[in-house]
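Please keep the coordinates open beside them.

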Amino acid sequence: MPGVPLNPGSESRSMDQIIDINTRFGPIPTAPSDWLLDDLVAMMRAHHVAVACTLSTVGMLLDETAGNAATRAACLEDRRLLPVATLNPMHYFRDESPVARLVADGFRMVRFFPALQGWSGGFAPFLHVCEEMAAVGLPIMVETPQPGIASAIVRDMSDYAAPVILSQVRQEGLTEAIALMQRHEHVCVETSDMVSMGAIGLVARHVGADRIVFGSGAPSRPVAGVLSVLQHAGLDAADQHKVLAGNARRILGL
Amino acid sequence: MRILDMHTWLGGGVLGSRPANRAAVAQALKDRRVCASVLLAAHARHIDPLAGNRILRAVLEQDSRLYGCVITHVNRPDASVAALRELMGASRMVAMAIAAPSLEAPVNRAVADEILQAFRRYTKPLYLFTPNAACVAAASEIARAYPMLKVVFVGMGGYDWRSAVAAAHQLTNVYLETSGTLHVSKLRVAVESLGPHRIVFGSGAPHVDAAAAAALVESSGLSQDVQARIFWDNAARLVEVQPANE
């Protein structure tokens with residue numbers, strides 16, 4: 001199948017346009033090894049990923065202010081990295097208006113980690129965050145590792161004007177993700193956990209390739225993993241290019 | 001590079017494209033350039049050890065690239081031993097797996113002992129599912145108690161793959177099968193600890209596409225020679241599979 005670069009050095013130049021919407025870097029003692037920024041950049045180079053949306057693990061695990069600062073600093077150092085912020089509703093008191101500052105600082109998206117941080121859809125502080133987010137219209141991405149999380153989050157964001165990207169969608173969560181996408185035009189999925197046989201093709205058949213965004217989970221996971229799965233997804237070249245870059249470009253306003 | 005996938009399921013996927021028959025499995029192997037595969041029957045894992053393994057045997061008879069792993073179940077020792085006696089002697093049945101009551105639960109050695117005693121005479125590898133550290137610990141106890149058996153840690157400990165590597169370092173009859181988490185550094189760490197001889201490729205398809213699992217090996221930074229050992233040589237020696245005719 002043309003267009004999908006699997007092996008470093010074998011890619012066509014046209015693949016320099018890949019946009020990876022799901023990468024992270026930084027210390028993560030719960031994982032077998034830390035996620036190094038240098039490794040991420042090397043993987044991007046090896047697979048001709050032109051742009052990676054990334055954020056520091058510090059914001060996800062402990063302190064979003066420090067984490068967002070680390071993300072911004074890393075992205076200022078390397079313009080191929082697009083800064084993604086995170087907010088933890090557990091720390092949100094409505095008196096600091098962090099969202100406007102994130103926009104001013106150049107963040108292109110905001111990620112949420114409800115299962116990791118111990119909150120869920122319907123959580124009142126998250127509703128306050130949603131209200132503030134609605135004013136700026138940044139895309140958001142939410143980790144949904146277990147069935148039910150996505151439904152609850154999308155219920156809170158059913159009127160949100162910008163895209164809501166479901167992340168960590170595993171095979172057990174595919175029916176939920178597809179059902180949500182069928183009901184809500186602004187809901188999309190990213191691919192980093194869609195590595196089951198036929199998963200990407202299934203989503204494309206039900207809601208179209210326009211709603212699938214390439215994410216790898218690098219540097220903890222190989223970029224080649226999802227690229228290989230995409231090769232076997234049964235998409236034509238035009239749809240592959242949408243998944244690899246076009247959809248992300250539209251969502252991120254690049 | 002020649003690939004032998006030591007861990008592919010017949011049925012059991014939740015998606016529409018689940019390979020539940022020989023033709024679908026064969027097509028999936030062909031598309032991903034997998035030369036041979038060891039199949040496990042989801043029906044045997046989740047429903048009935050005897051009937052499920054019989055279904056598997058019927059599938060194996062239709063395709064020379066397919067080999068089988070008889071699945072037994074700690075809660076069904078009688079049916080499990082019957083399945084062993086009926087099926088394990090077949091040359092295409094190259095291994096036996098013991099399943100616990102749930103996917104994440106360890107196999108308790110004492111509970112599994114009746115099945116293990118019945119199995120030991122076949123001198124074929126034993127598969128134990130190790131999706132987490134608790135399962136690795138229980139599987140290690142079995143490997144220690146049966147040093148004459150070659151024990152394959154299927155899933156390599158999942159996110160706790162360092163525990164599987166540590167166990168394999170201590171127990172020379174343990175082999176690590178590469179499915180589980182797609183963590184980019186686990187194979188390099190495993191090879192540094194064990195050498196390249198006791199690591200075998202497995203995908204867990206259809207739950208994880210074999211293409212993604214293969215990409216993990218190819219992205220590991222290991223030499224072509226080591227990759228060839230993981231993809232084919234080690235497993236072919238372990239289960240005595242001959243090079244496939246494609």
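1. In this predicted model, the largest nonpolar core takes in 171 residues, and those that touch the most other members are L4(B), L39(B), C69(B), L128(B), V151(B) and F153(B). As background to this point, nonpolar side chains in soluble globular proteins tend to be buried together.

2. Where do the two chains meet? The contact between them involves 24 residues of chain A and 27 residues of chain B. On the side of chain A that touches chain B, helices α9 (199–207) and α10 (223–231) of chain A each supply at least two residues, and α10(A) provides the largest share of that side, with 6 residues. Sorted by class, the side of chain A that touches chain B consists of 12 nonpolar, 10 polar and 2 charged residues.

3. H232(A) deserves a separate look, since this residue lies in the loop between α10 and α11 (237–252) of chain A and is buried, with 21 other C-beta atoms within 10 Å, where 20 or more are required for that class. Not counting residues up to four places away in sequence, H232(A) touches D31(B), R32(B), D209(B) and A211(B). Within its own chain, H232(A) is 35 residues from M197(A) in sequence, while the two C-alpha atoms are 8.3 Å apart in space.

4. L254(A), by contrast, is found in the segment after α11 of chain A, and this residue is exposed, having 12 other C-beta atoms within 10 Å, a count that falls in the exposed class because the class takes in 12 or fewer. Between L254(A) and Q231(A), which are 23 residues apart along the chain, the separation of the C-alpha atoms is 25 Å.

5. Turning to helix packing in chain B, helix α6 (residues 133–145) and helix α7 (residues 161–170) of that chain pack at an angle of about 15°, with their axes 8 Å apart. α6(B) and α7(B) are therefore roughly parallel to each other, a term that applies to angles under 35 degrees, and α6(B) passes α7(B) in a right-handed crossing. A133(B), V136(B) and S140(B) of α6(B) make this contact together with S163(B), A164(B) and A167(B) of α7(B). By class, the residues of the contact of α6(B) with α7(B) are 4 nonpolar and 2 polar, with no charged residue.

6. A second pair in chain B consists of helix α4 (residues 77–87) and helix α5 (residues 109–119), which pack at an angle of about 10° with their axes 10 Å apart. That angle makes α4(B) roughly parallel to α5(B). From α4(B) the contact uses P77(B), S80(B), V81(B) and L84(B), and from α5(B) it uses E114(B), I115(B), A118(B) and F119(B). The residues of the contact of α4(B) with α5(B) divide into 6 nonpolar, 1 polar and 1 charged.

7. In chain B, the bond from A205(B) to P206(B) is cis, with omega near 5°, and P206(B) is found in the loop between β8 (199–200) and α9 (210–218) of chain B. For context, most peptide bonds are trans, and most residues other than glycine have a negative phi.

8. H48(A), although not a glycine, has a positive phi of about 55°; H48(A) sits in the loop between α1 (37–46) and β2 (49–56) of chain A and is partly exposed, with 19 other C-beta atoms within 10 Å. T123(B), which is not a glycine either, has a positive phi of about 50° and is found in the loop between α5 and β5 (126–129) of chain B. With 9 C-beta neighbours inside 10 Å, T123(B) counts as exposed.

Definitions and conventions. Residues numbered from 1 in each chain as written. Chains lettered and ligands numbered in written order. Predicted model: local features only at pLDDT ≥ 70, side-chain atom pairs only at ≥ 80, totals over all residues. Contact = placed C-beta atoms within 7 Å. Helix = DSSP H or I, 4+ residues; strand = E, 2+ residues; numbered from the N terminus. Nonpolar A, V, L, I, M, F, W, Y, C, P; charged D, E, K, R; others polar. Axes fitted to C-alpha atoms, helices over the stretch in contact; angles between N-to-C directions. Parallel < 35°, antiparallel > 145°, perpendicular 65-115°, else oblique. Left-handed = near helix turned anticlockwise from the far one by under 90°. Core = buried A, V, L, I, M, F, W, Y, C linked by C-beta atoms within 7 Å.
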